Amino acid sequence: MTRRQKTIAFFITLCVLLVVAAVSLVVIWILQNLTATSFAPLVAIIGIVLFALIIAGLIIYTVFLVLEIRRSEDHDSFINSVTHELKTPIASIRLYLETLQSRQVTEAQRREFYDIMLADADRLHQTVDQVLKAGVAREKSGSPVRVPVDMTALARECVDLALVRHHLGTASIRLETRPSAPLMVNGDPEELRTMLTNVINNAVKYSTQDVQVTVSVDAASPHTMWLRVQDRGVGIPKKQLKRIFRRFYRVQMPRLKQVKGTGLGLYIVRSIARAHGGRVFAHSEGEGRGATFTMELPRLVVPAEALPRGA
């Protein structure tokens, strides 16, 4: 039985118990009017306890319904976003293929069409990859294989990839590394790469036209290290900072209506950080004032002779 099925079974049982308690309360009220005076206080106390339990159960049930309504709304929003993210690149690729098939184009136009189709295919791949990784993160599988990962080298790789993917100049995303020695983490390189890439992509996506993102790698303590991504973009309302890591949740601001996404990126980031014994948190002074995301991970202290060559 899945977690959701267990939750539903629990609230069905709660509903049945509330009905039983309500019937019992009516019976007690009737008995109180029929029984002798000496038993009246005891019957009244039992009735009050049952009434309090019914009220508490109704409150819990109402909270459950509100959470289910919100989850349903988030799910509908996710379906609409994913549908758009899938249909748009497919329609674009189809259009350019039909154009290439139906008429003669110059070599320059052909190269341009190929570049656009490759970009659309990459966008399609990213959407599917996000959905699959969100599913894997939710399953909470057993103990994966971990290896020492040089987070400074990984951060440099993610920055270079983001510059190419978003067609940005080298000054748009700056990498800062504090300690001279490599900062090592015992983890899955692919998952850690996905975690940092998601945060950098968000920083670029929610920036203004002038993209200025800083990625820093630092030793927070002898036993922990930080990956920090700071942007000067649209920012995040303070009331929403605690919600942004929920599955399907997207920041609610009028200026972001044109920004597309699945609402899974930060959920995946949090899941990966937790799976590695770390955490992730966000800070923003509000709308239009940028945002800072910090991923804190346990630091692996590796003897110098055990480090890979070139590290």
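1. Rings of Phe, Tyr and Trp (its six-membered ring) are taken to pair if their centres lie within 6.5 Å, and the planes count as stacked when under 30 degrees apart, as edge-to-face when over 60, and as tilted for the rest. By this rule there are three aromatic pairs. In one of them, the ring centres of Trp226 and Phe281 are 6.5 Å apart and the planes stand at 80°, so this pair is edge-to-face. Trp226 belongs to strand S5 and Phe281 to strand S6, so that the pair links distant parts of the chain, 55 residues apart. (Strands, E, of at least two residues, and helices, H or I, of at least four, are DSSP runs numbered from the N terminus.)

2. Strand S7, residues 291-298, deserves a paragraph of its own, as seven of its eight residues are buried. Two strands are said to pair if DSSP finds at least two bridges between them. S7 pairs in the antiparallel sense with strand S5 (residues 224-231) over eight bridges, and five bridges join S7 to strand S6 (residues 279-283), again running antiparallel. Thr294 in S7 has Arg228 opposite it, and Phe281 also stands opposite Thr294.

3. Helix H4 (151-165) is the next element to examine. H4 has 15 residues and reaches 21 Å from its first C-alpha to its last, close to the expected 21 Å, where the expected span is 1.5 Å times one less than the number of residues. Its buried residues are Met151, Thr152, Leu154, Ala155, Cys158, Val159, Ala162 and Leu163. At the start of H4, a side-chain oxygen of Asp150 comes within 3.1 Å of the backbone nitrogen of Thr152.

4. As background, most residues other than glycine have a negative phi. His167 is placed in the loop between H4 and strand S2 (173-177), and, with a relative accessible area of 71%, His167 is exposed.

5. Asn201, found in helix H5 (residues 189-205), is buried, with a relative accessible area of 13%. The C-alpha atoms of Asn201 and Ala162 are separated by 6.9 Å, although these residues are 39 places apart along the chain. Leaving aside neighbours within four places in sequence, Asn201 is in contact (heavy atoms within 4.5 Å) with Gln126, Arg165 and His166.

6. A word on conventions closes the note. Residues are numbered from 1 along each chain as its sequence is written, and side-chain values use heavy atoms, with hydrogens and water left out. For this predicted model, local features need pLDDT of at least 70 and side-chain atom pairs count only at pLDDT 80 or more, whereas totals for chains, interfaces and linings use all residues.

Definitions and conventions:
Buried < 20%, exposed > 50% of the residue type's maximum accessible area, 1.4 Å probe, protein only. Polar contact = N/O pair within 3.5 Å; in protein donor to acceptor, adjacent residues only side chain to side chain.
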